[in-house]
Amino acid sequence: MSSKIKQLLTQKPEGQQVSVQGWVRTFRANRFIALNDGSTLANLQCVVDYENFDENLIRKITTGAAVKITGQYVESSGKGQASEIQVSELHLYGSADPETYPIQPKKHSFEFLREKAHLRVRTATFSAVMRVRAALSFAVHDFFRAEGFHYVHTPIITGSDAEGAGEMFRVSTIDPKNPPLNEEGNVNYKEDFFGKETHLTVSGQLEAETYAMGLGEVYTFGPTFRAENSNTTRHLAEFWMIEPEMAFYDLIDNMDLAEKFIKSVLRYVLVHCKEDLAFLDERFTKEEQSKPQAQRSAMGLLEKINFVVDNEFKRVSYTEAIDILRNSKPNKKKKFDYIIEEWGADLQSEHERFLVEKHFKTPVILFDYPAKIKAFYMRLNDDGKTVRAMDILFPGIGEIVGGSQREERLDILQERIKAMGIEEEELWWYLDLRKFGTAPHSGFGLGFERLVLFATGMGNIRDVIPFPRTPQNASF
Ligand code: 4AD
Ligand code: MG
């Protein structure tokens, strides 16, 4: 069995015979192979005495080649590493022609690497990001398991629009060239695969609610899809969402859980991804230094993560936030793209980021939003115009969590559904929850890629998911 480089680097080099397998990052002076196997950020130096090997073989050991190396694991006399392998056997699995292999040992732009998304994980930055992503994903399950939550798998294909925003991808097997038509001349979805119109889900919440009403505390963590034409550094058409749903929780319990959850998963990567985060911290600092002073982050990456873990999130009502924004400098000087004039305005990411980055300088939980700008399922407050919603806003990100206490009163829920022009029939099962043993309950959704974006200090959401799906882009 060959060793993983991560594990080997923890061993004392005493001349023991070892094997490793991985990809060549660089091959310097026909002598020094920097080998990486993805187990860790570090490369392992493998020293080749090229006279002992076939010339043709040596020529094929280039950046990107896959090899198996056997030799003695010894202390290194060179600078930059404590240990190395003195290579005795060199096996080439697959070469990588330097003329055509795109990932060369030089700085590539992230734009370039996005076009090589199938190879970019072989760079230090992307391998670090993806290891942190994997660790965060584990931390999510770890947290909820420890809290006594049950993981439920909610469907991907759905007949209802959970967010009521109508931004869904259709799922259909109808032949677009020859669709069955109904009497009005429209496509007859009764003849489609499911006998009705279906879409990819925008959220697993509604189904998660049904399970919370039996299992108590549940969460779903799966892919969600939004056909919104948002070409920003914060939006994907396919992203992963973590949605806990809890019976008998009110909005305050919900906020407490969300805050505890975010801190817990970030703490997990601080402990378990030290090397990768140190590397990403350095990258982040370099990138910030290339920006104009005014746009630079006041904190380094590790500092930012620690700050979030160590400080209480500021809780502010929507109404208070509107007052702050209305009286803010950028609003008065008309620096915002959207000027805040009246209570009821939807907040744009520029406003959210002003509150977090300039005003409070800490993560913010905004709550009690106007009913008009929020989804139908949120619990109506006694004022009749706001709902028990909460959004968590993060520095550099904007909204990272959206959640609410749910409307558990049947009559009010029905009114809200009607007012929003939603077909009640599609939600009959959701309304049943309010007919049979209804109970107060709450939940939230955290966009996983936005969390990874924050934890890795990357600037574009397309660079924290293996294969980003965005408008006009579904390659790979
Ligand atoms: O605020 P949203 O739309 O809330 C819901 O979907 C609720 N059903 C959640 C719940 O209460 N169970 O989305 C939740 C989060 C956002 O705060 C954001 O982090 C992320 O999902 N998100 C996106 N992430 C990437 N790309 C997009 N297009 C996103 N849209 C939302
Ligand atoms: Mg939202």
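How do helices α5 and α13 run relative to each other, roughly parallel or roughly antiparallel? I opened the notebook with this question and looked the pair up in the structure, which is a predicted model.

**Entry 1: α5 and α13**

I noted that two packed helices are described by the angle between their axes and by the distance between those axes. For α5, residues 205-215, and α13, residues 428-435, I found an angle of about 30° and axes 10 Å apart. Angles under 35 degrees count as roughly parallel, and α5 and α13 are therefore roughly parallel to each other. I also wrote down that their crossing is left-handed. On the α5 side the contact is made by Gln205, Leu206, Glu207, Glu209, Thr210 and Met213, and on the α13 side by Trp429, Tyr430, Leu433 and Arg434. I sorted the contact residues of α5 and α13 by class and got five nonpolar, two polar and three charged.

**Entry 2: α12 and α13**

Next I looked up helix α12, residues 410-419, which packs with α13 at an angle of about 155°, the axes being 9 Å apart. Angles over 145 degrees count as roughly antiparallel, so α12 and α13 are roughly antiparallel to each other. I listed Leu410, Leu413, Gln414 and Ile417 as the contact residues of α12, and Tyr430, Leu431, Arg434 and Lys435 as those of α13. This contact of α12 with α13 holds five nonpolar residues, one polar and two charged. Tyr430 and Arg434 of α13 are named in the contact with α5 and again in the contact with α12.

Which strands are at the edges of the open sheet of eight strands? I read its order as β6-β10-β11-β16-β15-β14-β13-β12, and the pairing is mixed. The edge strands are β6 (150-151) and β12 (314-317), and each pairs on one side only. I followed β12 to strand β13, residues 364-370, and found parallel pairing over four bridges. Ser317 has Phe367 in β13 as its bridge partner. Helix α9, residues 318-326, packs on this sheet and touches β12 and β13, with its direction at about 90° to that of β12.

**Entry 3: the three-stranded sheet**

I then turned to an open sheet of three strands, in the order β7-β9-β8 with antiparallel pairing. β7 (157-158) and β8 (170-171) stand at its edges with a single partner strand each, so one side of each has no neighbour in the sheet. β7 pairs with β9, residues 198-200, in the antiparallel sense over two bridges. For Thr158 I noted His199 in β9 as the bridge partner.

**Entry 4: strand β1 and its partners**

Strand β1, residues 16-28, runs antiparallel to β4, residues 66-75, and eight bridges join them. In this pairing I found Val18 opposite Gly71 of β4. β1 also pairs with β2, residues 32-36, in the antiparallel sense over five bridges. Val24 has Leu35 in β2 as its bridge partner. The hairpin of β1 and β2 has three residues between the strands, and Ala29 takes a positive phi near 55° there.

Definitions and conventions:
Residues are numbered from 1 along each chain as its sequence is written. Chains are lettered from A and ligands numbered from 1 in the order in which they are written. This is a predicted model: local features need pLDDT of at least 70, side-chain atom pairs count only at pLDDT 80 or more; totals for chains, interfaces and linings use all residues. Side-chain values use heavy atoms; hydrogens and water are left out. Axes are lines fitted to C-alpha atoms, for helices over the stretch in contact, and angles run from 0 to 180 degrees between N-to-C directions. Angles under 35 degrees count as roughly parallel, over 145 as roughly antiparallel, 65 to 115 as roughly perpendicular and the rest as oblique. A crossing is left-handed if the near helix is turned anticlockwise from the far one by less than a right angle, and right-handed if clockwise. Contact means heavy atoms within 4.5 Å. Ala, Val, Leu, Ile, Met, Phe, Trp, Tyr, Cys and Pro count as nonpolar, Asp, Glu, Lys and Arg as charged, and the others, Gly among them, as polar. Two strands pair if DSSP finds at least two bridges between them.
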